[in-house]
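Student: I would like to go through the charged pairs and one of the strands in this structure. Could we begin with the pairs?

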Amino acid sequence: MSELLVDFITSLDGHASGEGWPGFWGLEGPEYLAWLGEQPEATHLMGANTYRQMSGFAAGEVPKGQDEFRPEEEASVDALTQASKVVFSSSLEEPLAWANCTLVRGGVVEAVRAMKSSGSGLLSTIGSLSLCRSLLRAGLVDRFRVVMFPVITGATGAERIYDGYPDVALEMIEHRTFDGRIQLVEYKPRVLEHPPLGAPA
């Protein structure tokens, strides 16, 4: 059976991106980049918006406000291009231009449940906030990992990750600091029907 990892890179205040900021908020370091390079092979899951953005980067579209990709950003996009990817969308049309992508229409929860039961490798999300929220609500997420970069993007932050989430209990299974400033926390999540103090008598 496959394991499903929801994987986020965030500012300290829970934004997935920020206007005018480079990838990794420009704060990646050698320890973090080395760790990224050591990650096991995975099939990456994403929605249409993330596909459009990332496939654009792969085709050479530079993020707004930048003249060119930094080497770290280029290496990250190149690695993702080589990986197996599943895109969930009812608006995209086949064939998808980005290499190694499979398009799945409708029934996201059912499709991922089937992928988990029939597979043996790692499934890992990329961005795709609403997709991740749906998979978590359905109880399909085995691991929830967040890498927090030391910046607060209160004025420029975009894509608030946790809006619309249910209450979730998190059991920590891993934590690590990279380059003296980047914090990884990884949890086993459990969706709650109600807060502990709201439990019926």
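Tutor: Asp142 and Lys116 meet through their side chains in a salt bridge, at 2.9 Å from N to O. A salt bridge here is a side-chain nitrogen of Lys or Arg within 4 Å of a carboxyl oxygen of Asp or Glu.

Student: Which parts does the pair of Asp142 and Lys116 tie together?

Tutor: Asp142 lies in the loop between helix H5 (129-137) and strand E7 (143-149) and Lys116 lies in helix H4 (residues 108-118), so the pair ties together parts that are 26 residues apart in sequence. Helices (H or I, at least four residues) and strands (E, at least two) are DSSP runs, numbered from the N terminus.

Student: What should I know about the model itself?

Tutor: This is a predicted model, in which local features need pLDDT of at least 70 and side-chain atom pairs count only at pLDDT 80 or more, while totals for chains, interfaces and linings use all residues. Residues are numbered from 1 along each chain as its sequence is written, and side-chain values use heavy atoms, with hydrogens and water left out.

Student: Back to Lys116: buried or exposed?

Tutor: Lys116 counts as buried, at 5% relative accessibility. Asp142 counts as partly exposed, at 28%. Buried means under 20% relative accessible area, exposed over 50%, and partly exposed in between (1.4 Å probe, protein chains only).

Student: How many salt bridges are there by this rule?

Tutor: The count comes to 7 salt bridges. Another of them joins the side chains of Arg145 and Glu186, at 3.9 Å from N to O. Arg145 lies in strand E7 and Glu186 in strand E10 (residues 182-191), so this pair ties together parts that are 41 residues apart in sequence. Both Arg145 and Glu186 are buried.

Student: Which residues are linked with Arg145 and Glu186 in a network?

Tutor: Glu3, Asp7 and Arg143 are linked with Arg145 and Glu186 in a network of salt bridges.

Student: Changing topic, which residues cover the faces of strand E6?

Tutor: Strand E6 (residues 122-125) has both faces covered: Leu122 and Ser124 on one side, and Leu123 and Thr125 on the other, are all buried. In a regular strand the side chains alternate between the two faces of the sheet.

Student: And what does Leu123 stand opposite?

Tutor: Thr43 stands opposite Leu123, and Leu4 has Leu123 as its bridge partner in E6. Strand E1 (residues 3-11) pairs with E6 in the parallel sense over 3 bridges, and strand E3 (residues 42-47) runs parallel to E6, joined by 4 bridges. Two strands pair if DSSP finds at least two bridges between them.
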